[in-house]
Amino acid sequence: MPISIRNGLITIETAGTTYQMKADSLSTLIHTYYGPKIDGADMSPLIVPRDRGFSGNPAEVGMFDKTYSLDTLPLELSSFGDGDYRITGLHAEDAEGARALRFTFKGAKILPGKYSLPGLPAVYADETEAETLEVYMADEAAGIGVTLLYGVLPETDIITRAMIVKNEGKAPVRLLKAASVSLDYVYGDFDLITFHGRHAMERNLTRREVVHGMESVGSVRGMSSHHYNPFAILAEKDTDEMHGRCFGFSFLYSGEFLFETEKDQVDATRVIMGIHPDDFSWELQPGDTFTTPEVMMSMSGEGLGKLSRNFHRAIREHVIRGPWRDRRRPVLINNWEATYFDFDGKKLLEIADTAASCGLDLFVLDDGWFGKRNLDDSSLGDWAPNEEKLGMSLKALGEAIREKGLMFGIWVEPEGLSVNSDLYRQHPDWAVAVPGRNPELSRHQLILDLSRQDVQDHILARLIAIVREGGISYIKWDLNRSISGKYSAHLPKERQGEFSHRYVLGVYRVLEMLLAEFPDLLIEGCCGGGGRFDAGMLYYTPQIWCSDNTDAVNRLSIQYGTSFGYPTSAMGAHVSAVPNHQTGRNTPMKTRAITAMAGTFGYELDITKMSEAELDEIRSEVGLFRELNELIRTGDYYRLSAPKDVCTVWENVSRDGAEALLSGVWHGIEANSPVFYVRPQGLVPDALYEVSSCDADGGRPMYRMSGAALMNGGVACLMPDREYDSFLIRMKRA
Ligand code: GLA
């Protein structure tokens with residue numbers, strides 16, 4: 001059993017890790033260990049209290065012990081205002097205005113299976129795969145009780161954390177910060193790895209030393225954001241892809257977040273992750289509870305590659321839900337970069353026709369099919385098809401597309417509200433806006449107040465009607481601005497601080513109800529590309545459009561960064577036209593295809609303008625992807641080199657090691673270059689593999705070698721004489 005409780009010592013064990021906490025003689029819950037698996041020993045001797053000036057002592061320790069201080073102890077639940085001066089996870093104000101909290105341990109319980117969180121995404125597993133630990137804490141003076149929730153998935157080395165805060169007193173309490181995880185490392189020199197970006201250039205990796213002081217990344221944009229991803233890694237100094245200890249934190253939440261670290265006076269490091277407190281407060285009347293979203297943690301003693309694979313597997317098998325979890329995803333064609341707003345029904349059907357002749361599965365009609373939308377300046381909110389522009393009804397268009405053997409998908413931006421829309425004219429109070437202020441516009445638009453149930457119900461009804469009318473199998477759910485002026489006409493003054501979280505809960509509710517109505521519907525998340533690429537969204541949308549940047553070379557970095565926390569099967573990736581619309585770069589078709597195959601794969605260009613030879617190339621790419629789909633979607637993923645190298649190489653290996661695929665793209669072409677070597681991983685050492693190229697030789701074997709030879713000797717990659725060339729090498733057990 002992964003969880004054990006012995007006299008206040010609580011130990012969680014996964015396949016490769018141990019996590020431990022212990023209630024001490026004052027009932028403080030000390031965090032004693034998180035790291036590679038140990039034998040169940042009580043790790044509390046590692047915690048050595050020392051007398052430190054200006055780190056005070058609780059009254060109960062008596063006059064003569066100056067060593068016991070909440071300012072230096074590693075705590076399982078850190079809270080603000082009563083002796084812990086570090087960054088803390090829980091802040092609250094009582095009815096008198098006091099802000100002081102200190103929790104003691106009250107008990108713990110082990111439950112079979114994995115807990116779920118009402119209205120929020122959460123890792124799921126059946127009773128044979130997971131256990132739940134509930135730990136009860138209380139601050140009796142403040143009248144606040146806390147249940148710490150831990151979900152343990154031993155196989156994948158995943159431990160989740162969330163928290164339920166309850167007002168157990170007689171007066172109202174206002175929560176000011178309620179983080180999902182607070183974790184202390186008593187020693188260690190760490191690097192912090194985070195993923196920053198901007199629209200069309202998401203999830204670039206930054207690695208820096210954790211030095212004394214506080215460091216944070218987060219979002220107050222109403223969404224997880226392009227700018228900082230809610231996934232971060234703490235890695236011991238020398239950690240690389242294959243070696244070293246590292247800890248990953250993935251927030252199952254699509255709203256505002258804060259990830260913080262502090263290296264303190266005694267060189268201990270604390271990590272906090274949760275809802276961003278700047279934009280948060282929550283009123284708890286007596287008896288009320290507040291449930292935080294969940295953080296999924298994992299630890300690897302074998303480097304960053306293993307850590308990523310833990311998250312990939314957990315997201316693929318325990319976050320992504322519904323029939324699309326295990327199904328081959330459709331190879332799609334999207335008309336956005338082919339036509340932008342300039343199309344009619346005839347043009348769409350021509351694209352669909354050619355797509356069908358190339359063996360694609362799904363036609364996606366992007367922005368511009370509704371209201372009077374021919375530019376990005378109107379009609380969001382008016383979710384009725386523009387039959388004049390389409391030249392037919394949505395129903396007729398859907399039927400015509402299905403007749404060609406394609407599924408029909410459609411773009412929507414349910415949270416968007418154009419100033420120039422009938423919906424805004426009818427319901428100005430449905431917009432997110434501060435009374436008396438001119439709301440900030442972005443892409444000419446406002447945001448619908450999805451914290452309101454009436455608004456949620458309206459949008460849900462429109463979506464249901466569209467899906468029914470068009471016979472829609474796929475939705476691209478977009479959001480195209482950051483949210484400012486956060487205020488809901490529906491909330492009382494003292495609850496305005498709840499807006500941002502209620503908004504996210506509203507989005508989740510609409511998604512959940514839409515999926516309940518159409519369980520087979522495939523929803524692809526999107527937020528101007530990857531502005532809401534998080535594990536919370538993946539609970540509802542099995543794939544997310546990775547970026548509005550479709551340039552194959554930029555995509556290598558975007559997908560590389562994304563791969564640290566998220567699986568290939570979640571990354572929306574398309575082949576687009578050259579010169580690329582975002583960068584003007586020319587890359588060979590093959591390279592664009594190989595890059596898009598490291599995701600869900602599809603096309604986003606005007607295939608009606610392509611030559612027969614180019615269409616044949618598409619046909620063979622689609623055929624190849626079908627062959628490789630299972631391996632890419634469900635196999636283990638290894639980063640063999642990085643975009644900073646001359647060639648980015650990644651590897652997919654089937655779970656049984658019987659088959660592997662090396663994909664590489666050259667982007668640092670040089671004359672008279674050295675040979676570039678990479679070492680494959682994850683093969684069966686004593687198995688014999690046939691190594692073949694998918695290129696010019698038509699996939700014929702190049703040579704045979706054992707897994708051990710390949711993994712230790714490596715594979716030689718010869719620099720081509722053409723910039724941005726690429727290769728696919730297959731290794732199959734002979
Ligand atoms: C966003 C999306 C794009 C496209 C446009 C349409 O930017 O990320 O893929 O759908 O909106 O307006």
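Predicted model: local features only at pLDDT ≥ 70, side-chain atom pairs only at ≥ 80, totals over all residues.
Local features were taken at pLDDT of at least 70 and side-chain atom pairs at pLDDT 80 or more, whereas totals for chains, interfaces and linings use all residues. Residues are numbered from 1 along each chain as its sequence is written, and side-chain values use heavy atoms, with hydrogens and water left out.

The protein contains 12 helices and 39 strands; these are DSSP runs numbered from the N terminus, helices being H or I of at least four residues and strands E of at least two. The radius of gyration is 27 Å, close to the 27 Å that the globule rule gives for 734 residues, so the protein is as compact as a globular protein of that length. The radius is taken over C-alpha atoms, and the rule is 2.2 Å times the number of residues to the power 0.38. Along the principal axes, the C-alpha atoms fill a box of roughly 90 × 70 × 45 Å. Of the 734 residues, 61% count as buried, where buried means under 20% relative accessible area, exposed over 50% and partly exposed in between, with a 1.4 Å probe and protein chains only. Among contacts (heavy atoms within 4.5 Å) with a separation of 6 or more, 69% come from residues 24 or more positions apart.

In soluble globular proteins, nonpolar side chains tend to be buried together. A nonpolar core is defined here as a set of buried Ala, Val, Leu, Ile, Met, Phe, Trp, Tyr and Cys residues joined through side-chain atoms within 4.5 Å. The largest such core has 185 residues, and Phe249 and Trp369 have the most contacts inside it. Helix α8 (residues 499-517) gives the most to this core, with nine residues. Another core, of 22 residues, lies apart from it and includes Val649, Trp666, Ala687 and Met711. When neighbours within four places in sequence are left aside, the contacts of Trp369 include Phe343, Trp383, Pro385, Leu390, Trp411 and Ile466.

Pockets were located on a 1 Å grid over the protein atoms alone, as open sets of points where a 1.4 Å probe fits, with protein on both sides within 12 Å along at least five of seven lines; lining residues have an atom within 4 Å of a point. Grid points are joined across faces, edges and corners, and a volume is the space filled by probe spheres set on the points. The largest pocket holds about 550 Å³ of space. Its lining comprises 23 residues, of which Glu241, Arg639, Leu640, Ser641 and Ala642 are the closest to the centre. The strands β12 (201-209) and β35 (676-678) each supply at least two lining residues, and β35 gives the most, with three. By class, this lining has 14 nonpolar, two polar and seven charged residues. Ala, Val, Leu, Ile, Met, Phe, Trp, Tyr, Cys and Pro count as nonpolar, Asp, Glu, Lys and Arg as charged, and the others, Gly among them, as polar.

The second largest pocket holds about 420 Å³. It is lined by 28 residues, with His199, Asn480, Gly528, Gly529 and Asp548 the closest to its centre. This lining divides into eight nonpolar, 10 polar and 10 charged residues.

Most residues other than glycine have a negative phi, and most peptide bonds are trans. The bond from Val578 to Pro579 is cis, with omega near -10°; Pro579 lies in the loop between β30 (575-576) and α10 (589-596). Tyr340 has a positive phi, near 50°, and is placed in the loop between α2 (336-339) and α3 (345-357). Phe601 also has a positive phi, near 70°, in the loop between α10 and β31 (602-604). Tyr340 is partly exposed, with a relative accessible area of 31%, whereas Phe601 is buried, at 1%.
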